[in-house]
Structures are given as structure tokens and as C-alpha cells.
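Q: I am new to this structure and would like a close look at a single part. Could you walk me through one group of charged side chains and how they pair?

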Amino acid sequence: MRYLKYFSVQLKRTLRLAVGVFPTAMLLFACLGAAAWFLLNQGPLAERQQKYQIGVVGKIDDTYLGFGIYAIQTLDVSRFMVDFIPMTEEEARQAFRNDKIAAYIKVPEDFLDSLIYGRNDVPISYVASEGQKGIGGYLMEELAVVVSKLVTSAQGSIYSFQDVIRDYGDASQLGEWTDEINLQLIENVLARTKLAELTELGLSKGLLMRQYYFCAVVLLYCFLFGISSASFFLKRNEDLGKWMKMRGIGAAAQVLCEYGVYLFMMMACVFLPLIGVGIATKSFAFLKTKVYMDEILKALVPILIMISAMHFMIYETVRNPVANLLLQFLGVIGMGYVSGYIYPASFFPKGIAFVGSVLPTGVALEGFSGAMLDERSGMAFGLGCLYVTAFLVLAVLMRKRMIERDNG
């Protein structure tokens with residue numbers, strides 16, 4: 001009965017503190033959500049979803065080159081990746097300086113004659129940025145190399161064929177045969193995507209990028225929630241533990257009661273904004289997959305049990321407010337970075353990726369991302385149980401030490 005009464009007292013205290021904790025937590029949630037939206041829609045992670053703009057300087061109308069560019073823009077699969085925009089040289093320079101185009105090419109007037117007659121002495125100028133290019137710059141450089149090899153290889157094969165026919169065969173139908181080979185080469189180039197099957201593996205267990213970072217942002221909010229709930233721990237009466245011990249409520253009972261109340265508060269501050277986002281976005285339609293709200297909340301319950309236990313242990317261990325908050329912030333950011341919250345864990349060496357996977361942040365990400373795909377991870381659940389036990393045992397030992405020190 002006395003345990004229930006103590007739990008009730010802590011619950012009433014938490015409800016009073018929630019007036020300040022809840023707005024702070026919602027502000028943190030909004031900031032992380034805004035950062036994730038910018039990252040996926042306006043930031044570097046959105047670059048792969050955009051078409052690259054390439055300026056073309058030179059006279060290409062009424063030429064085979066203009067026909068080739070038109071064919072690429074209408075027939076080839078690269079039309080989904082690149083747009084070729086005719087420009088004057090001054091327009092191209094200005095657009096390039098303003099980052100409106102990724103690069104531009106300058107086609108000399110006699111380039112096509114040089115190409116047709118096999119001289120290859122008039123090169124096309126390709127203008128791109130130096131230094132920090134970004135993924136778009138590197139992709140355009142690779143594209144330029146591939147196109148150059150493709151054109152010269154096709155040209156070499158045609159002229160080699162013509163030389164062989166002239167030297168050893170009947171050249172009366174050379175023009176027709178050349179046209180047939182040209183058409184065959186064009187057909188082979190246009191059908192090159194059939195040589196391989198494209199499968200999008202995703203970032204983790206097949207998750208799309210937006211799904212992966214949705215998990216990362218939600219978990220980052222959960223781990224940083226310990227900072228926004230500092231008033232729950234820092235406004236405690238330090239003498240209360242000693243008085244409760246005298247009334248028959250030991251260190252373990254105190255910790256479990258206070259931890260249970262904190263867990264309920266944390267669940268409310270995590271579930272309420274998630275439910276609001278789910279309703280506003282029609283069951284997380286932006287994830288491009290069907291997600292059930294009850295499945296997300298159910299998957300977060302064991303994760304929140306572990307995270308809240310970690311918060312409680314930190315506040316019991318480090319009593320200095322400044323050191324405590326600094327430790328939590330640096331610890332969460334450091335563990336989150338290694339566990340793949342910023343860059344996927346596959347970007348790191350195997351040793352670092354393994355360390356990140358067994359940290360609390362890595363265990364949480366493994367469990368939550370698995371739930372998104374309806375795949376339960378027994379290893380993540382087992383490690384989570386070990387962390388909960390270790391955190392609560394350490395919190396009880398620190399509370400017991402504090403009580404005995406006060407009594408001494």
C-alpha cells in the first residue's frame with residue numbers, strides 16, 4: 001500500500017511538471033521534424049531525386065547533333081536524369097555561376113564535320129566546377145567519360161567495317177550497310193538498361209531513405225528527450241530518499257516507482273506528437289509505404305523502456321546539472337552518429353559499425369527499423385533487456401549510495 005501511495009505522489013508531481021516539460025518536448029520534436037524535412041526535400045539527400053541541368057553552347061539546330069540531343073531527351077532513359085538546355089555562352093556562364101546548371105558543354109562549329117570524317121581533332125569543351133563537386137558534379141564527369149568512350153567506340157567500329165569492305169569486299173552497298181550498323185548501334189545503346197536488372201536495396205534491411213531517416217529522427221527525439229525533461233529530475237528533493245527509507249520504502253522501490261512515472265510521461269510526450277503527425281499526413285503517406293499507427297507505437301514501447309531507463313540512470317549517476325546535460329547531449333550525438341542516425345552504418349568500417357549496432361542507439365534503430373518492415377529482431381530485444389536491467393540496477397545502487405551517505 002505504501003508503494004502505491006508513493007507512486008501516486010510521484011504521479012501528481014509529474015503532472016505538475018508536465019506543464020513545462022511538454023512544450024519543451026514538442027519544440028524539440030518540431031525542430032527535429034523540420035530538420036528532417038529540409039534534409040529529405042531541400043538538402044543534399046534530395047539531390048538524387050532531381051534532374052541535372054546541362055547547358056549546351058553552339059549551333060545544334062538542323063544538324064545530326066541536334067537530332068541526337070532530341071533523341072536522348074525523348075527516347076533514352078537518361079531523359080529522367082539529365083536535361084540539355086540550349087544557351088548562349090554568356091547565358092551558360094551566368095547560369096553556371098548561379099548554380100542553376102551542373103555544367104555546360106561548348107560545341108565548336110566544325111565539330112560535327114570532324115566527327116563524320118573521322119578526324120576527331122575538334123573536341124567539345126566540358127565546363128564543370130573544381131574542388132568540392134558534390135554528387136551531381138561527379139556524376140556528370142562520369143557521364144561525360146562514358147559518352148566519350150561510347151561515341152569513339154561506335155565511330156571506330158563503323159570506320160573499321162568500311163575499311164574492311166573497301167579492301168576485301170564489294171563496296172556497292174556500303175552506304176546501306178553503314179546505315180544498318182548505325183541503327184543497330186543506336187538500338188543497342190537505347191536498350192543498354194536491359195543488360196541488368198535494377199533493384200533498390202535501400203539503406204537498412206531494404207528501407208527507403210525517407211523511411212530510414214524517419215526511424216532515425218524519431219529515435220533521436222526519444223534519446224534527446226532526457227534533456228527536455230531535466231526538470232523532472234533536477235527539481236527533486238534530495239532528502240526525500242532518506243525519509244522514504246525510514247518509512248520502509250527502500251532504494252529499489254523508490255527507483256522503480258519514479259522510473260515508472262517517468263516512463264509514462266515519456267510515452268505521452270512521444271506518442272501524442274506521433275499520432276498528430278500520423279493523422280495530419282494520412283498514416284504517414286510521405287513514407288511511401290503503408291504504416292499502421294498501432295504497429296509504430298507498439299514497436300516503440302520496448303525502446304522507450306530502455307531509453308527511459310538510460311535517462312534515469314544518468315540522472316542518478318551525474319548529479320551536477322551542467323555536466324549531466326552536456327553528457328547527455330554529447331553522448332546521444334556521438335552514439336547516434338556511430339549507430340547510423342546521420343550517415344547509414346554501412347558508411348563506416350565493419351568494426352565501427354559493429355560497435356554502433358550494440359550501443360543503445362544501435363539497438364533501438366535495429367528494433368524500430370525492423371518493426372517498419374514487420375521483422376522482429378530477437379537480438380535487439382535481448383540486448384534491450386540487458387540494457388534495461390543494467391541501467392536500473394546501476395540507478396538503484398546510486399540511489400542506495402546516496403541514502404547511506406546522507407544517513408552517515
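A: Arg 399 forms a salt bridge with Glu 316, and the closest N and O atoms of the two are 2.7 Å apart. A salt bridge here is a side-chain nitrogen of Lys or Arg within 4 Å of a carboxyl oxygen of Asp or Glu. Arg 399 lies in helix H15 and Glu 316 in helix H11 (residues 293–317), so this pair ties together parts that are 83 residues apart in sequence. Helices (H or I, at least four residues) and strands (E, at least two) are DSSP runs, numbered from the N terminus. Both Arg 399 and Glu 316 are buried, where buried means under 20% relative accessible area, exposed means over 50%, and partly exposed lies in between (1.4 Å probe, protein chains only).

A word on the model before we go further. This is a predicted model, in which local features need pLDDT of at least 70 and side-chain atom pairs count only at pLDDT 80 or more, while totals for chains, interfaces and linings use all residues. Residues are numbered from 1 along each chain as its sequence is written, and side-chain values use heavy atoms, with hydrogens and water left out.

Now let us follow Arg 399 to another partner. Glu 258 also forms a salt bridge with Arg 399, with 2.8 Å between the closest N and O atoms. This pair links distant parts of the chain: Glu 258 sits in helix H10 (residues 251–280) and Arg 399 in helix H15 (residues 378–407), 141 residues apart. Glu 258 is buried, as is Arg 399.

Next, return to Glu 316. The side chain of Glu 316 meets that of Arg 319 in a salt bridge, at 2.9 Å from N to O. How accessible are these two residues, Glu 316 and Arg 319? Glu 316 counts as buried because its relative accessibility is 2%. Arg 319 counts as partly exposed, because its relative accessibility is 31%.

You can trace it from Glu 258 to Arg 399, from Arg 399 on to Glu 316, and from Glu 316 to Arg 319. As a general point, side chains of opposite charge can pair when their charged atoms come close.
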